[in-house]
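Look over the sequence and the structure shown here before reading on. The text below then goes through the parts one after another.

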Amino acid sequence: MEYEVVIGLEVHAQLTTETKIFCGCSTNYNTPPNTNVCPICLGHPGVLPSLNQRVVDFAIMAAIALKATINRVSYFARKNYFYPDLPKGYQITQYEVPFAVDGAIEIETETGTKQIRIREIHIEEDAGKLFHPESGAGLYTFVDMNRCGVPLLEIVSYPDIRSPKEASNYLKRLRQTLRYLGICAGNMEEGNFRCDANISIKPLGSEKFGTKRELKNLNSFRFLENALSWEIEYQKNVLGSGGKILQETLTWDEKEGRAIPIRSKETSSDYRYFPEPDLPPLHIEEERIEKLKWLIPELPWERETRLIRQYGIREYDAELICSERGIADYFEKCASMFNDYRTLANWITTEIFRELDRRNLKIESFPVKPEDLVELIKRLKAGELNLSTARKAFTIMIDENKTAAQVISEYDLVQISDTRELESIVDAVLSECAKELERYKAGKTSLFDFFLGQVMRKTKGKASPHLARELLKKRLEEI
Amino acid sequence: MKLPGRAIEIISAFKEGEISAREITEWTLERIKGWEPKINAYITITAAEALRQAELLDQKRKNNKPLGRLSALPVAIKDNIITKGIKTTCASRILSNYIPPYNATAVERLLQEDAIIVGKTNMDEFAMGSSTEHSAFGATRNPLDILRVAGGSSGGSAATVASLAVPVALGSDTGGSVRQPASFCGVVGFKPTYGRISRFGLVAFASSLDQIGVISKNVTDSALVYAVIAGYDPHDSTSINSPIESPFFPLDNIDLTRSRFAVPEEFLGEGINEEVRGIILNALSRLPGKIEKISLPVLSYAVPVYYIIAPAEMSSNLARYDGVRYGVRENSEDLIEMYELTRSRNFGDEVKRRIMIGTFVLSSGYYEAYFKKAAQARRIISNALLETLKKYDFILSPTTPTTAFRLGEKLADPLEMYLSDICTTVANFAGLPAISIPCGRDKNGLPVGLQIMGRPMDDRRLLSVANEIEKILSEG
């Protein structure tokens with residue numbers, strides 16, 4: 001039977017405010033355990049929360065960017081459960097009336113663009129972290145409360161997603177948007193952008209949704225796709241063999257390549273939500289929204305469209321360049337100095353991407369500044385460098401933090417495009433390779449590339465490839 | 001030596017140099033010590049800290065440094081109000097070793113004005129109870145008759161004020177916990193408008209109802225201390241952000257003949273002791289002003305509504321006592337078992353009873369039927385009171401349906417105990433300011449309290465009116 005896949009994602013995005021959501025502690029939780037804590041975030045007797053207004057500003061910005069409707073009044077609620085990383089025994093979150101509703105994100109699919117609707121966005125607090133030492137401490141589990149009270153936005157999609165690929169595209173777009181807004185670091189491995197997935201399958205064309213299962217611990221885009229693909233196969237097999245899907249929560253084990261059930265419907269907790277009496281209703285004035293609209297930068301999809309229109313670069317390149325705000329800024333800085341936009345785009349999406357990845361760098365701290373890159377490309381275009389020497393110069397520029405001019409002169413990389421000089425090198429190669437020349441004459445014309453390679457080697461790659469080829473061809477014809 | 005009776009007199013005697021802070025403190029501690037074996041009003045007596053503070057104040061005065069508004073005034077604090085470095089137990093075994101790292105805002109403000117904290121008073125565990133019998137540290141007894149309860153939950157604060165050991169004590173009032181013990185002990189108990197005194201550092205019982213209050217021998221002393229501790233606090237998002245009228249003290253002269261009082265018949269009918277009713281009616285007859293009997297049938301739902309909302313909130317508020325970070329922990333190799341042992345062994349029966357009620361009324365499938373309904377009923381009752389207070393300036397009633405009962409008398413029947421709150425909870429529903437002042441004694445010589453409820457934010461006028469009524473009722 002053909003099945004249709006139905007997926008909804010719940011994302012928890014940590015907000016990059018300086019201080020926590022309900023107290024004045026720093027949100028930096030990568031400090032020694034239990035150092036950024038106070039009686040409030042430790043849940044001491046008698047403490048009360050007071051809402052950090054920056055969190056509200058960030059939530060407004062997210063809601064605007066995600067085209068969601070901000071509730072003029074929303075309410076906080078308590079979600080009650082016991083766990084050692086939850087100091088108060090409840091999480092302050094939003095429940096009946098969330099901060100914002102009915103947003104959307106557009107994603108690209110094989111069949112064109114598609115809207116994934118966002119059901120709600122709510123503001124809540126993060127919990128602490130547990131450490132289970134594998135040796136030494138024996139029975140103990142350690143609790144680090146530094147993360148308690150770090151602000152989160154929970155962004156819940158409608159079940160509009162139909163494949164693992166769509167899921168990861170949605171997640172990428174969402175992450176990119178929050179990063180453009182500068183309100184979330186968006187690092188999945190570090191846990192400041194987390195994702196759970198609800199997934200079910202149903203016979204193609206059926207109106208009725210299947211039993212959904214929740215997948216947790218999806219710490220990267222790859223994990224997400226792997227876990228969903230595995231789960232789809234699992235559910236198909238169960239249904240295909242006449243079985244019944246059990247409503248369960250599972251955790252993805254990437255090493256084992258399978259999802260492991262952690263709790264069933266029967267054992268799931270009753271969170272006993274009720275309105276948080278310590279916080280008044282959250283009123284959002286129209287004025288405040290209007291003010292924050294000015295702080296919304298050009299969003300990734302808007303920028304992609306503009307870059308394509310303004311610079312005539314290819315859609316694919318525009319997408320890559322706009323993946324991060326810093327890279328798009330870098331591109332436009334370059335473009336303001338040099339007008340071969342396609343070459344620029346090409347350099348950024350290949351050379352720069354490769355080096356950022358290889359060196360694990362951020363564009364903001366990349367040693368080659370836009371003016372340096374432009375200078376390098378200009379020299380390439382002017383014939384002073386060929387592609388291989390330009391690449392070589394580029395890596396040296398990064399390694400030694402030097403300008404193109406410095407590297408070219410220090411490493412003597414200027415291209416040899418003097419006809420006479422190259423002619424003598426071609427002659428030298430042909431006389432050194434007499435044996436090969438004989439075979440060439442005997443009809444093995446594929447040796448042409450060998451001779452060309454020898455020329456390049458002799459010039460340490462500096463020969464103008466175009467000229468070298470021409471001269472070599474001429475000489476061989478003459479012979 | 002005898003200490004002046006009124007707070008204002010003690011403060012001025014100290015400021016004038018007639019008496020030292022040390023003398024005041026020593027006298028107070030002596031008196032507390034004398035009464036403790038009989039009434040058990042304190043969980044912790046902070047003699048050393050108090051004497052040190054007194055020493056500092058005497059120095060300050062000697063050096064002509066500016067002195068605070070409550071200079072050298074001995075104050076007792078209910079043990080659910082957080083005091084930095086001083087054990088704060090909430091009369092619970094689970095917090096029997098808890099020494100807080102911070103001060104409640106109210107305490108901070110008392111200290112800023114140079115009050116002297118002499119001890120932490122006994123109470124029902126986590127403020128749940130009406131007799132101060134539910135304390136892990138033994139019951140408090142009524143100084144007027146030590147076979148009887150002091151009321152609760154702020155029983156220790158009321159008893160120590162009634163024993164004339166301290167002029168003023170702080171309590172907390174969630175459904176009557178300041179007014180009811182004040183009534184039982186024959187003193188004044190004032191619960192301000194919700195949000196007037198910061199709850200930051202008041203250990204939460206039912207957050208939407210809790211309010212710190214003042215217990216004192218007379219209305220002016222309550223007003224004096226209230227004026228110091230009230231006011232906006234950014235640490236409490238439910239505190240009201242509007243300034244306290246200044247100067248708050250002394251109180252206004254009120255012409256009672258121009259005040260309109262309502263007396264709901266529901267608070268004088270079934271469930272109210274005959275003798276109490278007679279004493280109240282007699283007191284009312286002595287007041288000038290327009291007094292009208294009204295009927296508000298919704299008031300009869302107050303107790304059941306209260307016993308849904310308060311346990312619901314408390315079941316969540318008390319979740320933090322899990323043995324993980326502070327307080328008592330019962331060790332186990334299993335996490336769930338550690339929780340279970342810690343909480344079942346170290347909470348008292350009344351607390352556990354309410355945790356179960358609260359957990360039940362919030363659980364899925366029952367939330368709509370209980371918690372949500374109760375929240376609606378609370379709104380209806382509040383609106384009825386607010387409507388009444390549009391037509392009338394104040395609502396009068398007995399504070400409690402009976403005078404102080406005997407120790408153990410109602411312990412076996414929680415429902416009977418809960419009815420002690422029949423007249424008081426409604427003020428907390430609507431956040432109204434309310435005060436209990438003594439208005440007579442029954443044939444056993446036990447005091448009866450008159451409750452006056454006012455409009456929200458009308459604390460000053462309520463205190464002023466109470467002050468006038470107190471004058472009239474004390475004249476023979």
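A residue is called buried if 20 or more other C-beta atoms lie within 10 Å of its own, exposed if 12 or fewer do, and partly exposed in between. The model is predicted, and this rule can be applied to its residues one by one. Take B:Glu108, which is placed in helix α4 (residues 105-112) of chain B. Because B:Glu108 has 19 C-beta neighbours inside 10 Å, it counts as partly exposed. Along the chain, B:Glu108 and B:Thr83 are 25 residues apart, while 8.6 Å separates their C-alpha atoms.

A:Lys392 sits in helix α10 (residues 387-400) of chain A. A:Lys392 is also partly exposed, because 19 C-beta neighbours lie inside 10 Å. In sequence, A:Lys392 and A:Gly461 are 69 residues apart; in space, the distance from C-alpha to C-alpha is 9.8 Å.

Helix α1 (residues 7-15) of chain B has the buried residues B:Ala7, B:Ile10, B:Ile11 and B:Phe14. Where do these residues lie around the helix? Viewed down the axis of α1(B), they fall within an arc of 95°, so they line one face of the helix. After α1(B) comes B:Gly17, which has a positive phi, near 85°.

Now turn to helix α15 (residues 465-478) of chain A. This helix has 14 residues, and from its first C-alpha to its last it reaches 20 Å, close to the 20 Å expected at 1.5 Å a residue. Within α15(A), the residues A:Leu467, A:Ala468, A:Leu471 and A:Leu472 are buried. They are on the same side of α15(A) because they cover an arc of only 125° around the axis. The exposed residues A:His466, A:Lys474 and A:Glu477 are on the other side of α15(A). Among the elements that cover the buried residues of α15(A) are α12 (419-432) and α14 (448-458) of chain A.

The strands come next. Strands of a sheet pair through backbone hydrogen bonds, in either a parallel or an antiparallel way. In chain A, nine strands form an open sheet with mixed pairing, in the order β2-β6-β7-β10-β1-β11-β12-β13-β14. The edges are taken by β2 (69-70) and β14 (258-264) of chain A; each has a single partner strand, so one side of each is left without a neighbour in the sheet. One pairing in chain A is that of strand β11 (residues 193-203) with strand β12 (residues 213-216), which run antiparallel and are joined by three bridges. A:Ile199 has A:Arg213 as its bridge partner in β12(A).

In chain B, strand β3 (residues 116-121) is mostly covered, with six of its six residues buried. Strand β1 (residues 42-45) of chain B pairs with β3(B) in the antiparallel sense over three bridges. Here B:Tyr42 has B:Thr121 as its bridge partner in β3(B). Strand β2 (residues 74-78) of chain B runs parallel to β3(B), and five bridges join the two. For B:Ala76, the bridge partner in β3(B) is B:Gly119.

What happens to nonpolar residues in the interior? In soluble globular proteins, nonpolar side chains tend to be buried together. The largest nonpolar core in this model has 218 residues, of which A:Ala62, A:Ile121 and B:Val75 touch the most other members. Helix α9 (residues 302-317) of chain B gives the largest share of this core, 10 residues. Leaving aside residues up to four places away in sequence, A:Ala62 touches A:Ile121, A:Leu153, A:Leu178, A:Leu181 and A:Ile183. There is also a second, separate core of 32 residues, and A:Leu344, A:Ile348, A:Ile352 and A:Leu376 are among its members.

Last comes the place where the two chains meet. Here 38 residues of chain B are in contact with 27 residues of chain A. On the side of chain B that touches chain A, the elements that give two or more residues are α9, α10 (335-346) and α11 (349-362) of chain B. Of these, α9(B) supplies the largest share, three residues. By kind, the residues on this side of chain B divide into 20 nonpolar, 11 polar and seven charged.

Conventions:
Residues are numbered from 1 along each chain as its sequence is written. Chains are lettered from A and ligands numbered from 1 in the order in which they are written. This is a predicted model: local features need pLDDT of at least 70, side-chain atom pairs count only at pLDDT 80 or more; totals for chains, interfaces and linings use all residues. A nonpolar core is a set of buried Ala, Val, Leu, Ile, Met, Phe, Trp, Tyr and Cys residues joined through C-beta atoms within 7 Å. Helices (H or I, at least four residues) and strands (E, at least two) are DSSP runs, numbered from the N terminus. Two residues are in contact if their C-beta atoms, placed from the backbone, lie within 7 Å. The expected span of a helix is 1.5 Å times one less than its number of residues. The arc is that of the directions from the helix axis to the C-beta atoms. Two strands pair if DSSP finds at least two bridges between them. Ala, Val, Leu, Ile, Met, Phe, Trp, Tyr, Cys and Pro count as nonpolar, Asp, Glu, Lys and Arg as charged, and the others, Gly among them, as polar.
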